[in-house]
Amino acid sequence: MTICQTRHCPAQPDSSLIFHCRVGKVWFLCVILLFSSVMVAHGAGQPKEFNIPAQPMQTALDAFAQQSDLQMLYTMEIIEGLQSNAVKGTYSPEQALNLLLEGTGRTFHFADEHTITVVTSPGGVESRNSA
């Protein structure tokens with residue numbers, strides 16, 4: 001697939017036109033790869049099977065990390081004394097973690113494509129993440 005039109009890439013083009021066509025192709029591929037990596041990074045369309053009973057939050061987050069193949073970052077202070085919700089079924093990691101944290105006053109964000117940080121929701125109230 002070429003980015004430039006035929007009239008911009010004649011059969012016997014000079015070297016500057018060839019350069020512009022190649023640069024256009026490279027940029028096009030970079031944009032496609034960028035959008036693909038963003039979708040993968042946020043688990044878009046990557047459902048997994050979760051089976052996490054309601055339990056102390058630390059144990060639940062450890063189970064979530066194992067079942068989602070993601071790394072979890074949090075401080076003990078923000079999860080101390082919290083009970084998780086049960087999560088059973090096929091969900092994207094975002095959906096599963098939203099269910100797990102619902103009503104706890106905690107939310108999350110992706111630090112990178114493999115790491116989720118759990119934080120206190122603004123105002124300490126329930127917040128559903130739209131990562």
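What percentage of the contacts in the protein between residues at least 6 apart in sequence join residues at least 24 apart? The share is 51%, where contact means heavy atoms within 4.5 Å.

The legends below describe a predicted model, in which local features need pLDDT of at least 70, side-chain atom pairs count only at pLDDT 80 or more, and totals for chains, interfaces and linings use all residues. Residues are numbered from 1 along each chain as its sequence is written, and side-chain values use heavy atoms, with hydrogens and water left out.

**Figure 1. Overall architecture of the predicted model.** The protein contains four helices and five strands, arranged along the sequence in the pattern α-β-α-β-α-β-α-β-β. Helices (H or I, at least four residues) and strands (E, at least two) are DSSP runs, numbered from the N terminus. Of the 131 residues, 33% count as buried; buried means under 20% relative accessible area, exposed over 50%, and partly exposed in between (1.4 Å probe, protein chains only). The accessible surface comes to about 8,300 Å², and 59% of that surface belongs to carbon and sulfur atoms. Accessible areas come from the Shrake-Rupley method with a 1.4 Å probe; for residues, only the protein chains shown count as cover.

**Figure 2. The three-stranded sheet E2-E5-E4.** Three strands form an open sheet of mixed pairing, in the order E2-E5-E4. Its edge strands are E2 (71-73) and E4 (106-112), each of which pairs on one side only. On average, neighbouring strands of this sheet are turned by 30 degrees against each other, direction ignored. Two strands pair if DSSP finds at least two bridges between them. E4 and strand E5 (residues 115-120) run antiparallel and are joined by six bridges; phenylalanine 110 has isoleucine 116 in E5 as its bridge partner.

Figure 3. Helix H4 (residues 93-101) lies across E2, E4 and E5, and runs at about 150 degrees to E4. Axes are lines fitted to C-alpha atoms, for helices over the stretch in contact, and angles run from 0 to 180 degrees between N-to-C directions. The helix is mostly covered, with seven of its nine residues buried: Pro93, Glu94, Ala96, Leu97, Asn98, Leu100 and Leu101. These buried residues pack against E1, H2, E2, strand E3 (87-91), E4 and E5. Glycine 103, which follows H4, has a positive phi near 80 degrees.

**Figure 4. The largest nonpolar core.** A nonpolar core is a set of buried Ala, Val, Leu, Ile, Met, Phe, Trp, Tyr and Cys residues joined through side-chain atoms within 4.5 Å. The largest such core has 22 residues, and those with the most contacts inside it are Ile52, Leu61, Phe64, Met72, Leu97, Leu100 and Ile116. At least two residues of this core come from each of E1, H2, helix H3 (76-79), H4, E4 and E5. H2 gives the most, with six residues. Leaving aside neighbours within four places in sequence, leucine 100 is in contact with Ile52, Met57, Ala60, Leu61, Phe64, Ser84, Asn85 and Val87.

**Figure 5. The aromatic pair.** Rings of Phe, Tyr and Trp (its six-membered ring) pair if their centres lie within 6.5 Å; planes under 30 degrees apart count as stacked, over 60 as edge-to-face and the rest as tilted. By this rule the count is one aromatic pair. The stacked rings of phenylalanine 50 and phenylalanine 64 are 5.5 Å apart centre to centre, with 5 degrees between the planes. The pair links distant parts of the chain, since phenylalanine 50 lies in strand E1 (residues 48-52) and phenylalanine 64 in helix H2, 14 residues apart. Both phenylalanine 50 and phenylalanine 64 are buried.

**Figure 6. The surroundings of alanine 60, glutamine 55 and serine 84.** Alanine 60 lies in helix H2 (residues 57-68) and is buried, with a relative accessible area of 0%. Leaving aside neighbours within four places in sequence, alanine 60 is in contact with Ile52, Gln55, Ser84 and Leu100. Its C-alpha atom is separated by 9.4 Å from that of valine 87, 27 residues apart along the chain. Glutamine 55, in the loop between E1 and H2, is buried at a relative accessible area of 13%. Serine 84, in the loop between H3 and E3, is buried at 3% relative accessible area.
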